[in-house]
Amino acid sequence: HIGTWYSLPDRYSRITDMLTAKEVVSPADFKKIQLDQHSNLAKRYLPAFIQAIGKQGELSPLEQKAFDILKHWDYSMDAKNPGASIFETMYLQFMQCIFQDEIGASLFESFNSTSSISRNTTERLFVERESLWFDNTNTPSQKEEFSDMAYCAFTQAIDNLKAKMGEEPSEWEWGKIHRLVLAHPLGAVNVIEKAFNLNPEPVSVGGSFHTISPYSYNSNKPFDSNHGSSHRHIFDLSNWDNSLTVIPTGISGIPASRHYCDQTKLYVDGSYHTDYFTKEKVVENSLYHMTFTNGK
């Protein structure tokens with residue numbers, strides 16, 4: 001690969017779907033677009049996963065409950081949705097089931113850390129449905145296929161979620177394991193973090209790397225989100241002073257400031273604040289003034 005900074009097309013396709021659904025799009029429509037957590041990736045993958053799992057015979061009672069949730073899931077990555085937890089965990093396990101037996105745990109971790117490559121490689125195999133990668137090298141007497149990898153991913157995902165969240169799949173809400181983590185650079189030093197409590201508490205969120213509202217995470221350390229939209233803007237060209245914006249933190253990186261992470265709740269709740277444009281409105285609504293002098 002010449003580069004690694006490219007993604008699967010699912011966010012693009014969902015944006016296109018929503019933009020073309022109406023001839024005239026309003027600021028309210030743009031809010032819906034920016035906050036959308038429907039997954040086109042899940043919409044593509046899940047039917048094939050369900051078909052493959054259904055071929056495997058009898059499931060355990062726990063697996064059957066989780067399977068029933070997946071079969072009725074609407075592809076929403078909402079924080080309260082257990083289907084999102086099952087699918088997302090299964091998606092990661094699917095990659096591990098395919099590749100780790102051939103390349104080993106250490107190299108798989110390195111491969112998986114460059115997520116755009118691991119995800120695009122998996123996408124290619126998913127589309128083709130036939131590959132030597134599907135064969136498990138640890139079972140030389142068998143030749144596994146796509147459906148076996150899907151079932152492997154499903155069973156490992158259920159074991160993983162059971163260990164983390166208990167034995168009731170309906171309580172496996174996505175936001176319980178998927179959180180927005182805003183870490184102050186100095187908070188990485190344990191003694192400083194303990195002394196000054198620089199890092200705000202993680203916040204439960206929905207979405208994922210494949211939804212328009214992106215809350216991405218390190219594939220090797222799921223599912224705390226450390227990457228996403230650095231800001232949201234909606235500009236009203238009929239009246240620029242009606243423009244809206246929000247950022248995930250605040251305008252200050254100083255923990256003692258009243259503006260340290262004071263927009264986080266707005267951001268997570270899908271709210272905005274006014275973004276005044278004209279000088280008159282900015283002056284009228286200003287809270288602070290700064291004066292520059294030449295020092296003489």
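**View 1. His 38 is a buried residue in a predicted model.** The relative accessible area of His 38 is 17%, so the residue counts as buried, the limit being under 20%. Beyond its neighbours within four places in sequence, His 38 contacts Arg 14, Lys 43, Asp 74, Tyr 75 and Thr 211.

**View 2. Helix H3 packs against helix H4 (residues 61-71).** The two axes lie 10 Å apart, at an angle of about 145 degrees. The crossing of H3 and H4 is left-handed. On the H3 side, the meeting residues are Leu 46, Ile 50, Ile 53 and Gly 54. H4 brings Phe 67, Leu 70 and Lys 71. By type, the residues of this contact are five nonpolar, one polar and one charged.

**View 3. Ile 50 belongs to helix H3.** Ile 50 touches Phe 67, Leu 70 and Lys 71, leaving out residues up to four places away in sequence. Pro 200 is 150 residues from Ile 50 along the chain. The C-alpha atoms of this pair are 39 Å apart.

**View 4. The largest nonpolar core holds 51 residues.** Phe 49, Trp 73, Phe 87, Tyr 91 and Phe 154 have the most contacts inside this core. Six helices are at work here: H3, H4, H5 (82-113), H6 (115-128), H7 (146-165) and H8 (174-177) each supply at least two of the core residues. H5 gives the largest share, 13 residues. Apart from this core lies another, of 11 residues, including Val 205, Leu 244, Tyr 267 and Tyr 272. In soluble globular proteins, nonpolar side chains tend to be buried together.

**View 5. Phe 87 is one of the residues with the most contacts inside the largest core.** Which residues does Phe 87 touch, not counting those up to four places away in sequence? They are Leu 41, Ala 42, Tyr 45, Leu 46, Phe 49, Leu 70, Trp 73 and His 210.

**View 6. Arg 129 and Asn 197 have positive phi values, and neither is glycine.** Phi is near 65 degrees for Arg 129. This residue lies in the loop between H6 and H7. Arg 129 is partly exposed, at 35% relative accessibility. For Asn 197, phi is near 50 degrees. Its loop runs between helix H9 (190-196) and strand E2 (203-204). Asn 197 counts as exposed because its relative accessibility is 56%, and exposed means over 50%.

**View 7. A cis peptide bond links Pro 222 to Phe 223.** Omega for this bond is near 10 degrees. Phe 223 is found in the loop between strand E3 (215-217) and strand E4.

**View 8. Asn 226 is an exposed residue in a strand.** The strand is E4, residues 225-228. Is Asn 226 buried or exposed? Its relative accessible area is 55%, so Asn 226 is exposed, the cut-off being over 50%. Asn 226 touches Val 181, Ser 216, Tyr 217 and Asn 218, with residues up to four places away in sequence left out. Lys 279 lies 53 residues from Asn 226 along the chain. Their C-alpha atoms are separated by 35 Å.

Key
Residues numbered from 1 in each chain as written. Predicted model: local features only at pLDDT ≥ 70, side-chain atom pairs only at ≥ 80, totals over all residues. Heavy atoms only, no water. Helix = DSSP H or I, 4+ residues; strand = E, 2+ residues; numbered from the N terminus. Buried < 20%, exposed > 50% of the residue type's maximum accessible area, 1.4 Å probe, protein only. Contact = heavy atoms within 4.5 Å. Axes fitted to C-alpha atoms, helices over the stretch in contact; angles between N-to-C directions. Left-handed = near helix turned anticlockwise from the far one by under 90°. Nonpolar A, V, L, I, M, F, W, Y, C, P; charged D, E, K, R; others polar. Core = buried A, V, L, I, M, F, W, Y, C linked by side-chain atoms within 4.5 Å.
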